[in-house]
Protein chains: 2
Amino acid sequence: MTALQELREFIEKGYLTHRPHVTVDCAIFGYHDGELKLLLVKNKVFTKWCLPGGFVRNDEGLDQAAARLTAERTGIENLFLKQFKTFGDPLRNDNNTFDPEKFFELTGLRIGENSWLAGKNVTVGFYAISDIIQAMPRPDFLSSECRWFSVDNLPELGFDHEEMVGEALTTMRIHLYHFPIGKNLLPEKFTLKEIKLFYEVMSGKTLHASNFPSKLISLGLIVKTDEKRSIGAHRAPLYYTFDEAVYESALKEGLVLV
Amino acid sequence: MTALQELREFIEKGYLTHRPHVTVDCAIFGYHDGELKLLLVKNKVFTKWCLPGGFVRNDEGLDQAAARLTAERTGIENLFLKQFKTFGDPLRNDNNTFDPEKFFELTGLRIGENSWLAGKNVTVGFYAISDIIQAMPRPDFLSSECRWFSVDNLPELGFDHEEMVGEALTTMRIHLYHFPIGKNLLPEKFTLKEIKLFYEVMSGKTLHASNFPSKLISLGLIVKTDEKRSIGAHRAPLYYTFDEAVYESALKEGLVLV
DNA sequence: ATTTATTTACTAAAATTTAGTAAATATAAA
DNA sequence: TTTATATTTACTAAATTTTAGTAAATAAAT
């Protein structure tokens with residue numbers, strides 16, 4: 001079956017396999033070298049950049065749908081996604097994001113008002129924190145471009161995705177103080193200065209150079225290694241690493257990071 | 001149009017006005033005299049007690065739907081409802097909650113597998129905190145019984161509503177420490193002992209008899225009045241009341257209650 | 001050997017939390 | 001009228017945590 005045939009099938013019969021009016025969208029935050037970024041996709045038939053997402057199948061849960069769609073739209077697998085809020089305002093789609101002429105031009109199809117794709121959608125928002133890696137959509141007919149944007153400098157977003165990003169960021173920053181993050185985002189071994197910078201970027205706040213790291217140490221979340229990094233004409237900082245057991249239990253039990 | 005006709009219309013044509021596969025459910029917690037309760041409904045065609053809820057219309061937002069359905073199912077209007085989580089496991093409805101024979105007996109209808117009502121639902125969970133008032137469903141054909149249950153002694157619940165109640169309670173108890181509650185639940189004027197008991201019941205924890213109230217006072221959230229209550233052969237406690245301005249700003253800005 | 005930039009340990013002060021005791025006082029009993 | 005009692009609530013001291021800043025350590029360049 002060609003990509004176009006697959007698409008026609010989905011547009012005409014998708015309601016047999018998917019839940020009409022139910023989508024998920026994912027705000028994937030990325031950290032690299034002191035910058036906080038967001039992964040966006042640009043579908044050929046959407047006029048604006050959007051969060052990656054799509055329709056939920058009948059036979060999958062929301063978490064599964066979020067993981068599947070993220071992989072399809074961005075090529076990134078095995079992301080840890082966390083639900084933050086569901087959006088269902090009846091006007092949320094009326095933002096001139098979908099371009100029906102472009103859609104017709106590319107597919108020869110029109111989406112009538114009786115199509116299962118028409119009408120008001122509810123979307124379940126998920127967020128994730130990821131290392132900044134190569135993102136690459138899986139090829140399909142309307143295959144989207146995707147890349148990272150600095151959260152301080154986002155393009156105009158489609159649908160109600162600007163509101164969604166705001167809510168995702170707020171939720172993520174609250175969770176930041178209750179659950180450990182950083183594994184897989186920081187290198188295996190890192191200096192105290194690096195983890196402090198990481199938390200500063202994620203939280204958007206300034207932290208104390210020694211008090212914040214020593215809080216992490218006193219919680220047992222990070223521990224010294226016996227390696228140092230050489231960084232030129234300065235005292236060589238020690239490498240630290242996450243304590244696996246404490247980290248895992250903090251993920252379950254939560255913690256308080258002021 | 002009779003109630004039965006209305007019901008038939010909904011079952012056959014409801015997809016024209018409602019979003020298939022999208023429902024909301026509301027966990028309404030109530031406080032009265034030191035007890036935490038939950039409002040449940042018992043629909044004639046459901047075998048178990050459930051959270052009040054139902055399908056979302058095309059022309060309404062999720063918040064509106066939650067408010068409308070709560071009013072329809074329980075008779076309670078103007079509740080402040082807060083979204084906590086959305087549930088979409090494909091097996092969440094397979095709990096023998098719906099009784100198709102009873103449904104046929106009452107309506108003469110069967111819901112075929114092609115009905116817009118069949119298939120997997122996603123439900124958006126809302127919670128609310130309410131004073132315990134008279135609850136009374138609006139009369140309709142499958143009109144449900146509804147009443148308060150102590151959260152320590154709930155009946156078996158339909159669908160995945162037991163999981164939902166657990167999540168609602170957890171979320172509510174986290175919010176308890178970040179947002180003020182109590183207005184409209186406590187009387188206009190209350191003693192320090194009463195508000196301490198209120199927070200103990202809501203949080204499920206024991207609080208210090210003087211430290212907890214003095215925290216509330218030092219935050220400015222509650223203030224002394226010059227009235228006392230007479231309670232027999234003991235020192236008469238002073239009445240306190242919420243400071244309107246501080247309460248409202250804390251609702252917006254949040255606060256930290258230990 | 002000295003200088004320099006940076007990491008990180010340490011300390012003192014401030015603030016908050018915790019636990020417990022004492023004071024206040026309305027009514028009942030003597 | 002005085003004393004006893006139960007309960008509310010103010011107060012205090014100790015413990016803990018947070019905050020801010022300084023000092024010590026040190027790798028490498030000069």
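Author: Start with the two copies. A rotation of 180° superposes chain A on chain B, with 0.0 Å of shift along the axis and an RMSD of 0.0 Å. The same surface serves both: 100% of the contact residues of chain A recur in chain B. Contact here means heavy atoms within 4.5 Å.

The model is predicted: local features need pLDDT of at least 70, side-chain atom pairs count only at pLDDT 80 or more, and totals for chains, interfaces and linings use all residues. Residues are numbered from 1 along each chain as its sequence is written, chains are lettered from A and ligands numbered from 1 in the order in which they are written, and side-chain values use heavy atoms, leaving out hydrogens and water.

Now the strands of chain A. This chain has seven helices and eight strands. Two strands count as paired if DSSP finds at least two bridges between them.

Take β1(A), residues 18-32. Four bridges join β1(A) to β3(A), and the two run antiparallel. One contact point of this pairing is A:T23, whose bridge partner in β3(A) is A:F55. Strand β3(A) covers residues 53-57, and four of its five residues are buried, so it is largely enclosed by the rest of the structure. Buried means under 20% relative accessible area, exposed means over 50%, and partly exposed lies in between (1.4 Å probe, protein chains only).

β1(A) also pairs with β2(A), residues 35-42, again in the antiparallel sense and over four bridges. Here A:G30 stands opposite A:K37. The two strands form a hairpin with two residues between them, and A:D33 takes a positive phi near 45°. Most residues other than glycine have a negative phi.

β2(A) then leads on to β6(A), residues 145-150. Six bridges join them, antiparallel. A:L39 of this pairing has A:W148 as its bridge partner in β6(A).

Turn to chain B. β1(B), residues 18-32, pairs with β2(B), residues 35-42, over four bridges in the antiparallel sense. B:Y31 has B:L36 as its bridge partner in β2(B). β1(B) and β2(B) make a hairpin with two residues between them, and B:D33 in the turn has a positive phi of about 45°. β2(B) pairs with β6(B), residues 145-150, antiparallel and over six bridges. There B:V41 is bridged to B:C146 in β6(B).

Two loop residues also deserve a look. A:N78 is not a glycine, yet its phi is positive, about 60°. A:N78 sits in the loop between α2 (62-74) and β4 (81-87) of chain A. A:N78 counts as exposed, at 79% relative accessibility. B:F159 has a positive phi of about 50°, and is not a glycine either. B:F159 is in the loop between β6 and α4 (161-175) of chain B. B:F159 counts as buried, at 18% relative accessibility.

Another strand of chain A is β7, residues 222-228, and A:K224 lies in it. A:K224 is exposed, with a relative accessible area of 56%. Leaving aside neighbours within four places in sequence, A:K224 is in contact with A:L238, A:Y239 and A:Y240. A:K224 and A:T47 are 177 residues apart in sequence and 50 Å apart in space, C-alpha to C-alpha.

Finally, the whole of chain A. Its C-alpha atoms fill a box of roughly 65 × 35 × 30 Å along the principal axes. Of its 258 residues, 49% count as buried. Among contacts between residues at least 6 apart in sequence, 76% join residues at least 24 apart. The accessible surface is about 13,100 Å², and 51% of it belongs to carbon and sulfur atoms. Such areas come from the Shrake-Rupley method with a 1.4 Å probe, and for residues only the protein chains shown count as cover. Chain A carries 30 positive and 35 negative side chains, with the centres of the two sets 4 Å apart. Lys and Arg count as positive, Asp and Glu as negative, while His and the chain ends are not counted. Each charge is placed at NZ of Lys, CZ of Arg, CG of Asp or CD of Glu.

Terms used. Least-squares fit on C-alpha atoms with pLDDT ≥ 70 in both.
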